[in-house]
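I opened this entry to keep track of what I looked up, and in what order.

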Amino acid sequence: MKDIGYIVIFICFFQVAPLAAQTPYIMIDPGHGGEDPGAVGCGLEEKNVNLETSLNLRQLLQDNGFDVIMTREEDVYLTLASRTDYANAQRVDRFVAIHTNASSPPSTGVETFCYYTASTFSFDLRDKIQNEMLSIWQLRDRGVKTAGFYVLKHTVMPATLSELAFINNCTDDALYLSDSTELSRAAEAHLWAIQLHYGEDPEKTGQIKGFVYEYQESNPQKRERESHILLKHNNN
Ligand SMILES: [Zn+2]
């Protein structure tokens with residue numbers, strides 16, 4: 001009877017431990033780079049959008065007490081295997097890949113992935129990233145999905161891959177992707193998702209919302225959309 005008691009305690013500990021451990025160690029993987037531009041469209045290259053968003057996310061995560069490492073910090077080419085080998089060697093707690101989408105003809109919307117047979121932590125983080133991205137950008141919800149992308153398949157820790165929006169949709173998605181303030185907000189959405197994933201309560205007010213209001217005055221095309229977003233934030 002005593003032995004059974006120990007077993008029960010042991011199992012309970014391992015069920016809650018992963019989210020309650022020491023400072024989470026997050027690897028951010030800005031997709032593509034160097035000779036590999038990724039998707040291109042509307043005067044943009046995916047590698048640059050991914051990197052800018054990821055650098056913003058690193059700063060936000062560090063400011064909020066996370067340990068962070070990146071697969072690349074500049075415009076360099078990395079193989080997919082080198083990214084996952086690095087993550088596995090570093091024994092990071094989470095792997096967050098940042099990408100932008102493209103299709104012919106151009107489509108629209110936000111989608112976030114994890115591996116088919118990933119752990120519940122991957123599914124949870126994926127779902128939260130999707131929710132938070134949809135809370136900042138008024139784009140179509142393409143849904144949360146599973147896929148066999150290399151970096152999802154070959155990382156041993158919970159991993160997600162965000163497709164922020166369609167880089168070759170010049171009338172809608174690329175308006176966000178070409179705007180540095182919007183990329184800061186995309187990073188902030190990822191911060192919120194990671195905080196929620198770790199049971200923290202994100203502060204959803206601050207600087208970045210202020211920037212958004214500022215450029216509403218100069219960009220009528222975005223005004224209506226951003227008003228909607230601000231309203232949504234204010235209701236939170
Ligand atoms: Zn990509």
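My notes below go from confidence to the sheet and then to the helix contacts.

**Confidence.** I noted before anything else that this is a predicted model, and I looked up the chain average, which is a pLDDT of 85, with 78% of the residues scoring at least 70. I then went to the stretches that fall below 50: residues 4-18 are one of them, and beyond near neighbours in sequence this stretch has one contact in the model. Residues 209-236 also have a pLDDT below 50, but for this stretch I found 19 contacts beyond near neighbours in sequence.

**Sheet.** I traced an open sheet of six strands with mixed pairing, and wrote down the order as β4-β1-β5-β8-β6-β7. At its edges I have β4, residues 67-70, and β7, residues 141-146, each of which pairs on one side only. From one strand to the next I read an average twist of 20 degrees. Which way do β1 and β5 run relative to each other, parallel or antiparallel? They run parallel, and I found five bridges joining β1 (residues 25-30) to β5 (residues 94-101); for Ile28 I looked up the bridge partner in β5, which is Val96.

**Helix on the sheet.** I followed α4, residues 120-136, which packs on the sheet and touches β5, β6, β7 and β8, with its direction making about 170 degrees with that of β6.

**α4 with α7.** I next turned to α7, residues 180-197, whose axis comes within 8 Å of that of α4, the two crossing at roughly 140 degrees. The pair is therefore oblique, and I recorded the crossing as right-handed. The residues of α4 in this contact include Leu125, Ile129 and Met133, and those of α7 include Ala189, Trp192 and Leu196. By class I have nine nonpolar, three polar and four charged residues in the contact of α4 with α7.

**α2 with α7.** I also looked at α2, residues 46-63, which packs against α7 at an angle of about 50 degrees, with the axes 8 Å apart. That angle makes α2 oblique to α7, and the crossing of α2 and α7 is right-handed. Among the α2 residues that take part I listed Val49, Leu57 and Leu61, and among those of α7, Leu183, Ala187 and Ile194. The classes in the contact of α2 with α7 are nine nonpolar, five polar and two charged residues.

Methods
Residues numbered from 1 in each chain as written. Predicted model: local features only at pLDDT ≥ 70, side-chain atom pairs only at ≥ 80, totals over all residues. Pairing = 2+ DSSP bridges. Helix = DSSP H or I, 4+ residues; strand = E, 2+ residues; numbered from the N terminus. Axes fitted to C-alpha atoms, helices over the stretch in contact; angles between N-to-C directions. Contact = placed C-beta atoms within 7 Å. pLDDT = per-residue confidence, 0-100. Parallel < 35°, antiparallel > 145°, perpendicular 65-115°, else oblique. Left-handed = near helix turned anticlockwise from the far one by under 90°. Nonpolar A, V, L, I, M, F, W, Y, C, P; charged D, E, K, R; others polar.
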